Amino acid sequence: MDRQGFLQFFLSAGCDSFAHALKKSFLAAVWFAFVTFPIMVIRVNTIEHTVDWHWQRLGYVVLAVFFGSFVWRWLLARKELKKDESKGESRAEALLTTIQSHKILKFVALGVIAALALAFPEVFDLYQTNIMISCLVYVVLGLGLNIVVGLAGLLDLGYVAFYAVGAYAYALCNMHWGVGFWFMLPVGAVLGAILGLLLGFPVLRLRGDYLAIVTLGFGEIIRLVLENWGEVTMGPSGISRIARPEFFGAKLGVIGSTTYMYYIMIGLLVLTIFCVNRLQNSRIGRAWLALREDEIACQAMGIDKMKTKLMAFALGATWAGMAGVVFAAKTTFVNPASFTFWESAIILSIVVIGGMGSIRGVIAGAIILILVPEYLRDFAEFRMLLFGAIMVLVMVFRPQGLISAKRKIYEYKANPASAGNE
Amino acid sequence: MEYFLELLFGGLTRGSIYALIALGYTMVYGIIELINFAHGEIYMIGAFTGLIVAGLLTMLGFPGIAILAIAMACAVVWAAAYGYTIEKVAYKPLRGAPRLSPLISAIGMSIFLQNYVMLAQTSDFLPFPELIPEFDFMKGMGSMLSSSELAILTVTVAVCVGLTLFIKYTKLGKAMRATAQNRKMAMLVGINVDMVISATFIIGSSLAAMGGVLIASHIGQINYFIGFIAGIKAFTAAVLGGIGSIPGAMLGGLVLGLTEAFATGYVSSDYEDVFAFCLLVLILIFRPSGIMGKEKIQKV
């Protein structure tokens, strides 16, 4: 499309003419001015009986909506056009596929990523490393939830409960008996798995949204118990001064232990990616996919539905338990406020925005949802607002997620090396 | 006995508010099978609009009952506008997308609206004027039933009856039922499905806004976060009764409200929400599709 044609398409996307497009944008601006009027413009103080009027905000809304609606319509129209053209492989995905299909390129890319990951704490300061650690924690959590939601198709809104159990288990054991990090990491994993089984049993019969609300309720129950069972969990004030992991018995300073924590997290992430990748292509992984696609057909194929579902819950929860232990060791402080429903929602968004069932997608999702808001700190107060807006926008314009999962496709081609794989 | 009655009326009030909000969830779910997570935020926006209008009118010196009526009407209008806009912006472009996409979009919308209200208003708790005056004939009731509780109960009963009649007898109500049953077939017989969906969002949002103003005036304070817990509870109520069923939502709301009231009154007030969720898990284990829900026949 030449420049003139592009401009024309942009201005009149989804409309007959410029005039129509202008009218539509104008109407949208007027409508939003009306909708946002009371909340944005008027602020009453019912005690002192004063009113603040913020008329200038109405102007911002009108301008933003008037110009924004052109972009909105253009993006929607482009999405429609794209739908007809291809099955929607984006440029980034195509690039990833090319890299993966060439052996040398693949090793070079892996090498670059590994070098970057190892050099990170040396190059950047403590603050950056800390942000990166929490991003890695979310990647692990996302990969764990990906097993339950992305592969097995069970909508779990209470995933954070397992995370909380791991964190509190380490915090309590460390406080009472001085148990170390390395001992608690596998214990946290086992506790997560057991809790996953316990939750799995009663909800085996539920499906879809009933499952979602029950898991949500379960997550809230755990959080409320943590908050109210003061004698054991110290209530809302939480447990502080949790020991950081020791490096073969040596105590490390703040910088040293943060760097150490970072490498532990990298190790855990590599382990997670390895396991999840192997699980995906295993017998149970295929059973999960079958379960996600169609429960009844899956049963008819002779797959034990109960075992498959329980395995999904237990294995998903395992990673959450481990991530919880790491979280407690990293922040040296846990309280129930870290384990609200929003945390579950954020982890779920990482999975869905990244692309369900895709490991690369989950990593991309975590980077977008965790790192971007961190670097938006300059807009501190607008951070969560933008976060919500990003979630809506990504879903509206890429409902299948950023990087969609691809199964191995066996195609007969003259050159078998170019078959897409993950 | 008096304590029992107090708890009973408290539970009924609480339950009817849950039911009012749950109706919006259940109607939307019935038609487009979407958990509208932003519905709790609509309730919150309704309450805020009510507060702003009531605050303005009090300063202008309007009489009490007029303030109540106008504040309620404004809350309904604006909440309906928000519901309509949210549907158009965040859900309509996602028709036909994978099931989880509109859910994430709804969660995003919910976060957006909370922070929008927090930034535009404040994050503090704001005092809400008592809009429902003390009735004279209620004096003898003591602490058992206050006039605002009576008002909430009356409004809920009226709304429920009205809504049931509306769904059953009007043209739009029939169109809604048809769309809920089979969207494609409804389209084939000439029902404007987009219009029906918009209407559903508008009605559901209006009910939530009424609930918002009533409960805010009853409790006496609001902040930007009230939508979350109310939304979760109402959603629990909708699922409890069988999501998609309108009498189910009412029943679910009442069961949930009464359970909470009696459990906090007789057992422990710390674990108020735990009882609600335990009840939900228990009922769903024995009736996986809710109290009034119909078991859907699954086909391959």
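User: Which backbone nitrogen lies 2.9 Å from a polar atom of the side chain of B:N223?
Analyst: That's the backbone nitrogen of B:F225. Keep in mind that this is a predicted model.

User: OK. Where is the place of B:N223 in chain B?
Analyst: B:N223 is in the loop between strand 2 (221-222) and helix 9 (226-241) of chain B.

User: Is B:N223 buried or exposed?
Analyst: Buried, because its relative accessible area is 8%, which is under the 20% cut-off.

User: And what is B:N223 in contact with, leaving aside its neighbours within four places in sequence?
Analyst: B:M44, B:F48, B:S123, B:D124 and B:F125.

User: Switching to the interface. How many residues does the contact take from each chain?
Analyst: Chain B puts in 71 residues and chain A puts in 64 residues.

User: What's the area buried between chain B and chain A?
Analyst: About 5900 Å², with carbon and sulfur atoms giving 78% of that.

User: Which elements give two or more residues to the side of chain B that touches chain A?
Analyst: Helix 2 (39-60), helix 3 (64-91), helix 4 (100-120), helix 9 and helix 11 (272-286) of chain B.

User: Which of them gives the most?
Analyst: Helix 4 of chain B, with 17 residues.

User: How do the residues on that side divide into nonpolar, polar and charged?
Analyst: On the side of chain B that touches chain A there are 50 nonpolar residues, 17 polar and four charged.

User: How many salt bridges does the rule find across the interface of chain B and chain A?
Analyst: Zero salt bridges there. There are 10 residue pairs in polar contact between chain B and chain A, though, counting pairs with both residues at pLDDT 80 or more.

User: And how many salt bridges over all chains?
Analyst: The structure holds 10 salt bridges over all chains.

User: Let's go through some. What does B:E260 form a salt bridge with?
Analyst: B:R14, and the closest N and O atoms are 2.5 Å apart. The pair links distant parts of the chain: B:E260 sits in helix 10 (residues 246-266) of chain B and B:R14 in helix 1 (residues 2-32) of chain B, 246 residues apart.

User: Which residues do salt bridges that share partners join into one network?
Analyst: B:E87, B:K88, B:R95 and B:D194.

User: Now chain A. What does A:E295 form a salt bridge with?
Analyst: A:K305, with the closest N and O atoms 3.2 Å apart. A:E295 lies in helix 13 (residues 295-300) of chain A and A:K305 in helix 14 (residues 305-331) of chain A, so the pair ties together parts that are 10 residues apart in sequence. A:E295 counts as buried, at 14% relative accessibility.

User: What about A:E293?
Analyst: A:E293 forms a salt bridge with A:R292, with the closest N and O atoms 3.1 Å apart. A:E293 is exposed, with a relative accessible area of 56%, whereas A:R292 is partly exposed at 32%.

User: How many helices and strands does chain A have?
Analyst: Chain A has 17 helices and four strands. Buried residues make up 49% of its 422 residues.

User: In what sense do strand 1 and strand 2 of chain A pair?
Analyst: Antiparallel, over four bridges, with strand 2 covering residues 50-53. A:R43 stands opposite A:D52 in strand 2 of chain A. The two strands form a hairpin with four residues between them, and A:H49 in the turn has a positive phi of about 55 degrees.

User: Which residues of strand 1 are on the covered face and which on the uncovered one?
Analyst: In strand 1 (residues 42-45) of chain A, the covered face has A:I42 and A:V44, and the uncovered one has A:R43 and A:N45. In a regular strand, side chains alternate between the two faces of the sheet.

User: Last one: where does A:H54 lie?
Analyst: In the loop between strand 2 and helix 3 (55-85) of chain A. A:H54 is buried, with a relative accessible area of 17%. Leaving aside neighbours within four places in sequence, A:H54 is in contact with A:M40, A:V41 and A:R43.

Note on methods. Residues numbered from 1 in each chain as written. Chains lettered and ligands numbered in written order. Predicted model: local features only at pLDDT ≥ 70, side-chain atom pairs only at ≥ 80, totals over all residues. Heavy atoms only, no water. Buried < 20%, exposed > 50% of the residue type's maximum accessible area, 1.4 Å probe, protein only. Pairing = 2+ DSSP bridges. Polar contact = N/O pair within 3.5 Å; in protein donor to acceptor, adjacent residues only side chain to side chain. Contact = heavy atoms within 4.5 Å. Buried area = accessible area lost by both parts, 1.4 Å probe. Salt bridge = Lys/Arg side-chain N within 4 Å of Asp/Glu carboxyl O. Nonpolar A, V, L, I, M, F, W, Y, C, P; charged D, E, K, R; others polar.
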